[in-house]
Amino acid sequence: MLGRLRRWRQRHWRDRSKAERVELQTVVTWYVTTWFFAFAWLMLPLVGGLDHRPLPLALGGSLLVVAALQCADSNRLTRPALDHYLQRARLPARALRTSSVLLGLALALSVALAATGSAGAATARLAIGASLLPFGGPYGVVVPVRVFLRRAALLAILLMAALGLARPDGAGVLATGVMTAFGTLFSLLACRCGAWTLSVIWEAERAREAEARLAVAEERLRFGRDLHDVLGRNLSVISLKSELAVQLAQRGRPEAVEQMIEVQRIARESQREVRDVVRGYREADLGVELAGAQGVLTAAGIDCEVRAETGELATAVQSALAWVVRETTTNVLRHGDATRCAVGLRIRKGHVVLTVENDGVAAPDASGATEAAAAPASVRGSGLAGLRERLAAVDGSLEAGAVGGGRFRVVAEVPLTDSGEPAGRKVGDVTS
């Protein structure tokens, strides 16, 4: 059973985004709340306050059956109503017809219980409140608030009039109005506020996605602009000099050779400049990545502690370690349920060590297999190979794995010379 629960959690929970998790939790809460109030406000009062005669038992049993059908129909409409509110799908008007018919039956049975004296006055009022909640949840999400309040007021007046005719009691009629107002307003606030919260969360999620797409687009524009600046002028010069060389060669002038030599020199210079642009595009800045990791993880609700020793490190070493920080930060956000992450950078004589450790790693299930979400993607797939290739370019190494206590640790180590360059090679020998 525990293994099934873990697999369900992995399939239906871990693979979801945070917004999807909040939505799933909200919908499940609505499902459970509907049945809970039907049990607490209807079944329990009926069991204790219903007369044990054929007519009261028939009315009470019918009311319980209708209430169960109301709860089932409310659960069926919860998702479509929420999608309608979030403007993901339109809910047809006829979708609420069944709920309206069930609400009418439940209210009629409640009034009949009060009119025939089959149950106490308090039991009948609780039955009215329990009948309103399953209908009010989806209905309050679908219709505008003003329409909901106007129709709720009209319903309260009708119920007060019906019970006033059945049992002429001023205090009882007023209590009926109060219970009707409470049931309708409670269902409106509970579901409408939850739906509004979800809409805000999804709007923030879309804003983050748009921001990420804009960042990628800006980086592409920058890269394209740099390439245009580098190649545009040089290609124009190459075109002109090649045309001049052709004309000189047609005239038999020896200067054509000099022009072609110049074309060759410009082409090689363009090739070098393109390499520089690509190298700058692919290299990552260690300081920027450390600050970005702390900011991103903190914004995601993860307590992030960064302890980095500043020192003179070669550009290639900083770039390789920066990629480790970037990849591990992404995995902490996407995998597991981390609440704390510690990033440490230590520079010692002869080597530099980068450590990234986070909690939230799932324990092995009953079969002894660790959940897929426990280990970062970089440890299971091409991400690890890519990081090792970058570290291998500076004679570095990478170790990653669970360390117990639900923690996961990634350690990158790069040997250094006295000058801060990677041991065994010069910085100029490392290409991105």
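**Figure 1. Salt bridges in the predicted model.** The structure holds 12 salt bridges, and the model shown here is a predicted one. Some of these contacts are shown in the views that follow.

**Figure 2. A salt bridge between Arg88 and Glu23.** The side chains of Arg88 and Glu23 meet at 2.7 Å, N to O, in a salt bridge. Arg88 counts as partly exposed because its relative accessibility is 42%. Glu23 has a relative accessibility of 5%, so Glu23 counts as buried.

**Figure 3. The salt-bridge network around Arg88 and Glu23.** A network of salt bridges links Glu23, Arg79, Asp83 and Arg88.

Figure 4. Arg76 and Asp73 form a salt bridge through their side chains, at 2.6 Å, N to O. The two residues are separated by about one helical turn, because they are three residues apart in helix H3. An α-helix has 3.6 residues a turn, so residues three or four places apart point the same way. Arg76 is partly exposed, with 45% relative accessible area. Asp73 has 7% relative accessibility and therefore counts as buried.

Figure 5. The side chains of Arg326 and Glu289 meet in a salt bridge of 2.6 Å, N to O. Arg326 sits in helix H10 (residues 315-334) and Glu289 in helix H9 (residues 286-299), so that the pair, 37 residues apart, links distant parts of the chain. Arg326 is partly exposed, as its relative accessible area is 32%. Glu289 counts as buried because its relative accessibility is 14%, which is under the 20% cut-off for buried residues.

Figure 6. Helix H4 covers residues 97-116, which makes 20 residues. From its first C-alpha to its last, H4 reaches 28 Å, close to the 28 Å expected at 1.5 Å a residue. The buried residues of H4 include the leucines Leu102, Leu103, Leu107, Leu109 and Leu113. Also buried in H4 are Ser99, Ala106, Ser110, Val111 and Ala114. Just after H4 comes Gly117, which takes a positive phi of about 70°.

Terms used. Residues numbered from 1 in each chain as written. Predicted model: local features only at pLDDT ≥ 70, side-chain atom pairs only at ≥ 80, totals over all residues. Heavy atoms only, no water. Helix = DSSP H or I, 4+ residues; strand = E, 2+ residues; numbered from the N terminus. Expected span 1.5 Å × (residues − 1). Buried < 20%, exposed > 50% of the residue type's maximum accessible area, 1.4 Å probe, protein only. Salt bridge = Lys/Arg side-chain N within 4 Å of Asp/Glu carboxyl O.
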